[in-house]
Amino acid sequence: MKICVLPGDGIGPEITAEAVRVLKALDLKFEMEEAQLGGCAIDAAKDPFPPATQKLAKEADAVLLGAVGGPQWDNNPRELRPESGLLRIRKDLGLFANLRPAILYPELANASTLKPEVVAGLDILIVRELTGDIYFGQPRGIEIRNGERFGFNTMHYTESEIRRILRVAFEAARKRSRKVCSVDKMNVLECTQLWRDVAKEVGKEYPDVELSHMLVDNAAMQLVKAPKQFDVVVTGNMFGDILSDEASMLTGSIGMLPSASLDEKNKGLYEPSHGSAPDIAGKGVANPLATILSVAMMLRYTFANEAAGRRIEDAVKKVLALGLRTGDIYEPGTQKVGTRAMGDAVLAAL
Ligand code: IPM
Ligand code: MG
């Protein structure tokens with residue numbers, strides 16, 4: 001069992017270190033090797049996804065990623081930005097299924113900006129298509145047309161791309177509350193008319209799961225109005241990018257949310273849903289729990305070890321119940337700790 005570890009930029013190395021300690025504590029005989037992705041790789045190799053990283057990531061069964069990005073690379077040309085490395089590793093490994101859970105831990109109910117009765121018990125899974133759509137569509141660019149600058153991108157999906165991500169959503173729903181809401185913009189965009197048509201076809205294969213459809217603007221509204229109506233939400237790459245940020249904020253604690261990006265054989269890249277937080281990098285105060293919970297997802301999805309995944313999640317819950325909090329989830333009456341101390345506490349609870 002090989003794991004490629006990509007600490008990345010900003011707080012990435014600090015939070016990844018804690019997740020790696022948790023992995024080692026499980027005593028499951030993983031081989032781990034580290035490589036560079038994102039800004040650190042641009043600095044070291046002038047490439048956000050260098051060949052050495054490509055090789056390691058290809059050979060591994062799973063990839064653990066911290067976070068990429070930072071202001072020092074923001075003005076680089078597109079191909080030399082940390083985000084390009086992330087998009088390339090997703091495409092290169094065929095990681096088409098992005099699972100982003102938004103769970104509200106009861107101990108953190110006050111962290112949400114929404115009223116407790118609206119979000120209490122919230123447990124949504126956003127299933128985002130990750131290797132297609134306008135993110136990767138050709139043609140794209142900025143050029144001069146009729147004497148002025150003209151910017152363009154192309155949104156497209158094949159029916160097989162839509163079908164396979166819908167199946168991931170339905171399979172996930174079967175292990176949850178058996179509800180799938182497919183999100184599109186079929187009143188305007190042909191590409192997403194096809195999405196809805198295919199969603200309906202796939203829905204017939206899953207008569208035990210309730211399928212509904214929602215336009216993306218309404219979905220954005222419903223997510224803040226009545227988020228508990230959702231179980232699994234499935235949508236395309238761009239809508240999923242936007243809605244998953246929105247959903248994560250319902251919980252008020254993005255520092256708690258893991259994510260998985262899977263290929264057809266459950267090889268996966270696992271990373272926290274939050275970014276590289278350059279403002280607190282190197283200070284030892286970042287919340288490592290989202291990355292630790294990403295390891296739990298890795299055990300469950302790639303290594304089919306439900307028990308070990310649950311063990312980690314239970315350890316995290318125990319630490320929250322003990323009242324330990326990093327700065328991002330701190331409230332009066334709890335105990336503020338740093339990254340390492342939080343990792344120590346999870347190890348102790350394990
Ligand atoms: C995400 C991020 C990325 C995306 C960026 C960093 C390229 O926002 O994972 O949601 O848009 O997919
Ligand atoms: Mg995003």
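Colleague: In what order do the 10 strands of the open sheet stand?
Modeller: In this predicted model, 10 strands form an open sheet with mixed pairing. The twist from one strand to the next averages 20°. Read across the sheet, the order is β2-β1-β3-β12-β11-β4-β5-β10-β8-β9.

Colleague: Which are the edge strands?
Modeller: An edge strand here is one that pairs on one side only. The sheet order begins with β2 and ends with β9. The edge strands are therefore β2 (31–34) and β9 (210–215).

Colleague: In which sense, parallel or antiparallel, do β5 and β10 pair?
Modeller: Strands of a sheet pair through backbone hydrogen bonds, in either a parallel or an antiparallel sense. Strand β5 covers residues 123–129 and strand β10 covers residues 232–235, with four bridges between them. Within this pair, L125 stands opposite V232 in β10. The sense of the pairing is parallel.

Colleague: What angle does the direction of helix α6 make with that of β5?
Modeller: Helix α6 comprises residues 159–174 and packs on the sheet. It touches β4 (97–103), β5, β8 (179–184), β9 and β10. Its direction and that of β5 make an angle of about 165°.

Colleague: At what angle to β9 does helix α7 run?
Modeller: Helix α7 is formed by residues 190–203. This helix lies across β5, β8, β9 and β10. Relative to β9, helix α7 runs at about 170°.

Colleague: Which residue in the turn between β6 and β7 has a positive phi?
Modeller: Strand β6 (residues 141–145) and strand β7 (residues 148–152) run antiparallel and are joined by five bridges; E143 stands opposite F150 in β7. The two strands form a hairpin with two residues between them. A phi near 50° is found in this loop, in a residue other than glycine. That residue is N146.

Colleague: Where does P139 lie, and what is the form of the peptide bond from Q138 to P139?
Modeller: P139 is placed in the loop between β5 and β6. The bond that leads from Q138 to P139 has omega near 0°. Its form is cis.

Colleague: How many charged residues does the shell around ligand 1 have?
Modeller: Ligand 1 is surrounded by E83, R90, R100, R128, Y135 and D241. By class, the shell has one nonpolar residue and no polar residues. The number of charged residues is five.

Colleague: What share of the accessible area of ligand 1 does the protein cover?
Modeller: Polar side-chain atoms reach oxygen atoms of the ligand: one of R90 lies 2.7 Å from an oxygen atom of ligand 1, one of R128 lies 2.8 Å from such an atom, and one of D241 lies 2.9 Å from such an atom. On its own, ligand 1 has 320 Å² of accessible area.

Technical notes:
Residues numbered from 1 in each chain as written. Chains lettered and ligands numbered in written order. Predicted model: local features only at pLDDT ≥ 70, side-chain atom pairs only at ≥ 80, totals over all residues. Heavy atoms only, no water. Near = heavy atom within 4 Å. Polar contact = N/O pair within 3.5 Å; in protein donor to acceptor, adjacent residues only side chain to side chain. Areas by Shrake-Rupley, 256 points an atom, 1.4 Å probe, with all protein chains shown as cover. Nonpolar A, V, L, I, M, F, W, Y, C, P; charged D, E, K, R; others polar. Axes fitted to C-alpha atoms, helices over the stretch in contact; angles between N-to-C directions. Contact = heavy atoms within 4.5 Å.
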